[in-house]
Amino acid sequence: MTAIGKMRHPLLGIVIGYTIPFIPTSLVSLAAIETAVTPRQLAAATLLGSMPTAIIYAWGGDELIKAHFKNALMLVGLLVLLLGLLWLIHHDRQRAVDLDH
């Protein structure tokens, strides 16, 4: 929650917070309140953040069970993109910390 609030682009942090399943959504919502995003921005961030995880859950297991490895490979690509977004948040947060000092 603190990391999202200190980001240079906190709305991106909120999107990623909703994307990563093991981050409690209540903490992401509190971070959204702290950063004073508008209800419209929060709705967009929630939608964008929820979609990748929902797609992975919905298609991932089914594709592997049916042995559709080409589609499963696309899901792996999506996971790599999500990891890239995590790296972006970490990099953005690090830059914000460096600017403060």
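Trainee: Is helix 2 mostly covered or mostly open, and how many of its residues are buried?

Mentor: Mostly covered: in this predicted model, seven of the ten residues of helix 2 are buried.

Trainee: Which ones are they, the buried residues of helix 2?

Mentor: They run through Gly-13, Ile-14, Val-15, Ile-16, Gly-17, Tyr-18 and Thr-19.

Trainee: Let's take Thr-19. Why does Thr-19 count as buried?

Mentor: Its relative accessibility is 4%, and the cut-off for buried is under 20%, so Thr-19 counts as buried.

Trainee: What does Thr-19 touch, leaving out residues up to four places away in sequence?

Mentor: Thr-19 touches Leu-48, Gly-49, Pro-52, Thr-53 and Leu-82. With Gly-49 there is also a polar pair to look at: a polar atom of the Thr-19 side chain lies 3.1 Å from the backbone oxygen of Gly-49.

Trainee: Nice. Switching topic, what makes up the largest nonpolar core?

Mentor: Nine residues: Ile-4, Ile-14, Val-15, Tyr-18, Val-28, Ala-31, Ala-32, Val-37 and Ala-45.

Trainee: And which elements give two or more residues to this core?

Mentor: Helix 2 (10-19) and helix 3 do.

Trainee: Is Leu-27 buried, partly exposed or exposed, and why?

Mentor: Partly exposed, because its relative accessibility is 37%. That class sits between under 20% for buried and over 50% for exposed.

Notes
Residues are numbered from 1 along each chain as its sequence is written. This is a predicted model: local features need pLDDT of at least 70, side-chain atom pairs count only at pLDDT 80 or more; totals for chains, interfaces and linings use all residues. Side-chain values use heavy atoms; hydrogens and water are left out. Buried means under 20% relative accessible area, exposed over 50%, partly exposed in between (1.4 Å probe, protein chains only). A nonpolar core is a set of buried Ala, Val, Leu, Ile, Met, Phe, Trp, Tyr and Cys residues joined through side-chain atoms within 4.5 Å. Helices (H or I, at least four residues) and strands (E, at least two) are DSSP runs, numbered from the N terminus. A polar contact is a pair of N or O atoms within 3.5 Å; within protein, one must be able to donate a hydrogen and the other to accept it, and residues adjacent in sequence count only if both atoms are side-chain atoms. Contact means heavy atoms within 4.5 Å.
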